[in-house]
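Visitor: I would like to learn how to read this model. Please take me through it feature by feature.

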Amino acid sequence: MSYTRRVHAHAANPATRRVRSAHSSTTRATGSSSYASARVAGTTRRSGGAHRASHASPNRPRNHKKNGGKKKHRILAWVLGVFGGLIALALIAGVAAFAYLYATTEVPPPEKFALSEKTTVYYADGTTPIGDYAEQNREIISCDALPDYLGQAIVASENRTFYTDSGVDLKGILRALWTNITTGSRQGGSTITQQYAERYYLGETTSYVGKAREAILALKIAQTESKDEVLCNYMNTIYLGRNSYGIQAAAKAYFNKDAKDLTLSEAAMIAGIIPAPSTWDPADDPKMAQQRFERVLNIMEEDGYITAQEHSEASFPETQPVAQQNDYAGANGYLLDMVQRELVQSKAFTKEDLATGGYKIVTTIDKAKQDVMQAVGDVRLEDMPSTLQVGGIAVEPKTGAVVSVYAGSDYLTKQLNNADQAVFEPGSTMKPFALLGAAQEGVNFNTLFNGNSHQHFSGISNEVNNALENNFGNIDLYQATANSVNTVFMNVNEHLTPQRTAAIAHEAGIEGDIDETSPYNVLGINALTVWDLAQGHSTIAANGVKHMLHMVNKVQDSNGQDVYTASTEGKQVFDANDCALVQKAMQGTTTYGTAAGVSTTLGRPVAGKSGTANDENAASFVGYTPSLMNVWAIWNPDENGNPQVVPAFSGYGVSSTGYPAHLFTEYMSKALEGTEVEQFPTATDDGKIGGSDGTWGLGGGSVYSNTTQSEGEQSTEEEQTNGNGESTANGSEGTSDGATNTNGSQSQQDITQQCEANPSFSTACPNYTPPSSDNGTTDTPNSGGNGTSSDEPGLPNDSSTGLDNAPSLEQQSAQ
C-alpha cells in the first residue's frame, strides 16, 4: 500500500521511484547483505554514467559529506539542547514566581481598594504644606438598589466583554506594561476586573512585579467573585472626578442625588468620562463629555441594554456647579492650581494622577518671600479703585525658579489668576527687547537720538510723542531707556523692524502674541501676563541664558522616590555682553530715570524698567538684581473685563506709573534683607556710533557718555552730527535741542544746560517738575491718536524718588 501510494504520488518518474523503493525495502528486510544488492542495483541503474565516475579522484573520501553532516548535526543538537534547557529553566522559574505571587496575593475587601492617597504640595523647604489635592470624598454602598442601566452603562463604556471574558486581558497587560516602561506614563488594565485590581496597586503598576501582582489579583478576583460582585466593587471604588471615589459620591457631586436615583442619561454621562473624569468633566470640556455620553448610549443600544426609543429620549444632563474644596480657599488656591497646571502641561501627570497618586510635590515657592509678596499685593489704599487688579511674581533668573507670586487674594472668590492668566498691556517694559536688538546690530549705546516729541516715522501717518509731549533733546540710548523716551525707541524699531523686535521677545521666552507688523509693538501694545513678561526679562537678567520659569522642584512617590525633577538647565540665546549693556542701561531707570531713588532705597544696583499702557489703562514695573527679579503690574478692568483708565490715587500721579515701582521696592526691601549686595557684570560697549552703517540716531560721530558709566569709561572720539545736521567734534557743543561733548564723560555743565533748556529732561534735573497733564493725554496708536505710550515718572506728591511720601507696608496694612 505504501509503495502504491508513493508511485502514484510521483508518477512523473515511476521507474526510478520503483527501484529506490525496492532497494529500500530490501535493505530493511536483509540487514547488512542489502549493501551488495544495493551496489548491484546501483551499477545497473547508473551503467550509463560509468565513464563519468571513472574520472573521480581516487583519493577523495567516499563518506566526506556523511561525516561532515554528522558533525553539524551534533553541534545543532547541542545548541538546541542548551536553548531547550534555558527555556525549561525559564518556564520553571516563571511557574515558581507565579506560584509564589499567587500564594502571597490576597483579595482585600472593597474598602481597602479605595486607599488612594492624597497628593500634598509643599513649599520649597519640603516640610511646610501648601495644601492637598482631593478631599477623599467616598462612600461605599450596596448595589442591590442601583438601577441595572447604571452598571450596564459602565460596562458599555469600559469593557463590553465583561460578562464573558476571564477578567484578564493578557495582550492588554503586555501592551500596558510596555507603554508604562518605555514612556514612563501609567496605562491601566483593559478589563474592569483589571482596573479594579489596579486601584489597589495604584502607583506601582509601572514595574514588572507591580503589573504581575495586578494581573494575579485580577485572576483571583475573577475566580472568587461573581461578575456582579466585581462590578459593584468597581463602581464603589473607582475615581470619578470632583474628588469623588465611587458612584455614590459622584452622584452627589455631579447631580446632588443618591446613586440609586440616577437616570439613564446621568448614568451614561458619568460612565462616559471614567477614563479621564477630571479632564472630561462637563464643567471643563462639555464637548468631550457630550461625545462620550453619546458613545455610551450607542453601545448600550447595540448590545441590547436599552431600546432605540430609550436612546432617543435620553438627553445630555445638566450637572451641578463644581464645589471648591477648602484647601483652595485664600491665596494658596492659586498656588495649588498653578502647580497642577504645570505638571499636567508637562505631560508627566494627569489630573487623576495628582488627585489619587499620593505624591509629595516640592515647589520652588519660598514661604517667607511668598508671605511678603502676598502682604504687599493685598494692600488696598484708601482711594484705590475697588476694580483695580494687582499681579506680581518673583523669580530667580539664574535657574527659572519662581519664588513667590501674587495672583489674587482668594481663589474661591476669583479663579482668574493675576500672575499667569489675566493680561494687560505692558507698555514700555517691552523697550529693552528693542534695546537688545540695537546691541546685536552693533549700535553703540552712546549714539545720540532725537528725543523730542512730534516726530514722524515710516509707515505711520500720525506723529509720535513722548509722555505728556516731553522734549528731551538729543540723548543717547542710556538716557532714552532711563526716561523711557518713546520717539527714540520708535527710531530704534524703525531700523530694527517690528518683526525683529517681536522675534527677540519670543526668543527671550515670551509666548504671548506680539504684532510683528506694527511699529508700535516696541511700546508694548500687545497684552501679556505678568508671568510672560518675567519670562522674557529673566533671560536678559540671566546674561542671555533662557531658563523656563517653573514652580515645581520635584515630585516624589509614596516611597520617597523622585519621579519628576524640574530641569534647571538653561539655553544661551543671547550674547552675554549684549545683555550686560541692556542691564547697564536699565540701571539708569532706578537711579535718575522714571523710578529714580529705587536703587538708593534698596542700597544696591538695580536694573529696572517702568511701563504704562496706551490710554493709561495699565502700569507695570520690571526690576532685578543679578539673583532676584520682581515684576508688578496694575490694571483696571470693568465688570465685563474691558480695560479702563487707571486713575491717580494716593499721590501716585497721572496713570499711577509709580505704584508698581513702589510695590517692587516694598517687596525687594524685605526679600533682599540681609543678603549680599551684588554687582552686575561689566559691559563693554564695542559698538559703533550710529551703528555699523552710521544711520542710527543722528548718525556716526562722537557722543558723551551718560551718568551711569563708571569712572574711566570713555566714548569713541568721532564726529557726531547734531539735530540740525551740523557737525560737532572735540568738545564743541551742538546747537540743536541737546548738547554733545567728546571729552569721554558727561560733565555737570552738560546736564545743567539740558535741564535749563528743559526742566523735564530728566528727574536728575534740580528743578524737575512733571509736566502738567493738560499738555496732552494719549490715544491708542491704532485708533488714529497721538500714538504714544504714556510713560512718565508718576511720582507721588512730586517726590523725587517716587517713594518718600508713599505709605510703608506696615502703614498700608493698618489702613
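Guide: Start with residues 770-790, where pLDDT stays under 50. The model still has 58 contacts beyond four places in sequence for that stretch. pLDDT is the predictor's confidence in each residue, from 0 to 100. Contact means heavy atoms within 4.5 Å. This is a predicted model, so local features need pLDDT of at least 70, side-chain atom pairs count only at pLDDT 80 or more, and totals for chains, interfaces and linings use all residues. Residues are numbered from 1 along each chain as its sequence is written, and side-chain values use heavy atoms, with hydrogens and water left out.

Visitor: For which residues does the model have 11 contacts beyond four places in sequence?

Guide: Where pLDDT is low, the predicted coordinates should not be read in detail. The case here is residues 1-62, where pLDDT stays under 50. For the protein, mean pLDDT is 78, and 68% of residues reach 70 or more.

Visitor: How many helices and strands are there in the protein?

Guide: Helices (H or I, at least four residues) and strands (E, at least two) are DSSP runs, numbered from the N terminus. The protein has 29 helices and 19 strands. Of its 815 residues, 53% count as buried. Buried means under 20% relative accessible area, exposed over 50%, partly exposed in between (1.4 Å probe, protein chains only). Among contacts with a separation of 6 or more, 69% join residues 24 or more positions apart.

Visitor: Which residues have the most contacts inside the largest nonpolar core?

Guide: In soluble globular proteins, nonpolar side chains tend to be buried together. A nonpolar core is a set of buried Ala, Val, Leu, Ile, Met, Phe, Trp, Tyr and Cys residues joined through side-chain atoms within 4.5 Å. The largest has 92 residues here, and Leu343, Ile361, Ile393, Val402, Phe445, Leu477 and Tyr624 have the most contacts inside it. Leu477 touches residues including Leu435, Phe445, Phe449 and Val492, leaving out those up to four places away in sequence.

Visitor: At what angle do α7 and α15 pack?

Guide: Axes are lines fitted to C-alpha atoms, for helices over the stretch in contact, and angles run from 0 to 180 degrees between N-to-C directions. Helix α7 (residues 148-158) and helix α15 (residues 286-302) pack at about 105 degrees, axes 9 Å apart. That makes α7 roughly perpendicular to α15. Angles under 35 degrees count as roughly parallel, over 145 as roughly antiparallel, 65 to 115 as roughly perpendicular and the rest as oblique. Residues that meet include Tyr149 and Ala156 in α7, and Arg292 and Ile299 in α15.

Visitor: Which residue has a positive phi of about 50 degrees?

Guide: Most residues other than glycine have a negative phi. Ser484 has the positive value, although it is not a glycine. Ser484 sits in the loop between α21 (477-482) and α22 (486-496). Its relative accessible area is 3%, so it is buried. Glu616 also has a positive phi, near 55 degrees. Its place is the loop between β14 (607-612) and β15 (618-624). Glu616 is buried, at 12%.

Visitor: Is Ser599 buried or exposed?

Guide: Ser599, in helix α26 (residues 598-602), counts as buried at 12% relative accessibility. Its contacts beyond four places in sequence are Thr590, Thr591, Arg604, Pro605 and Val606.
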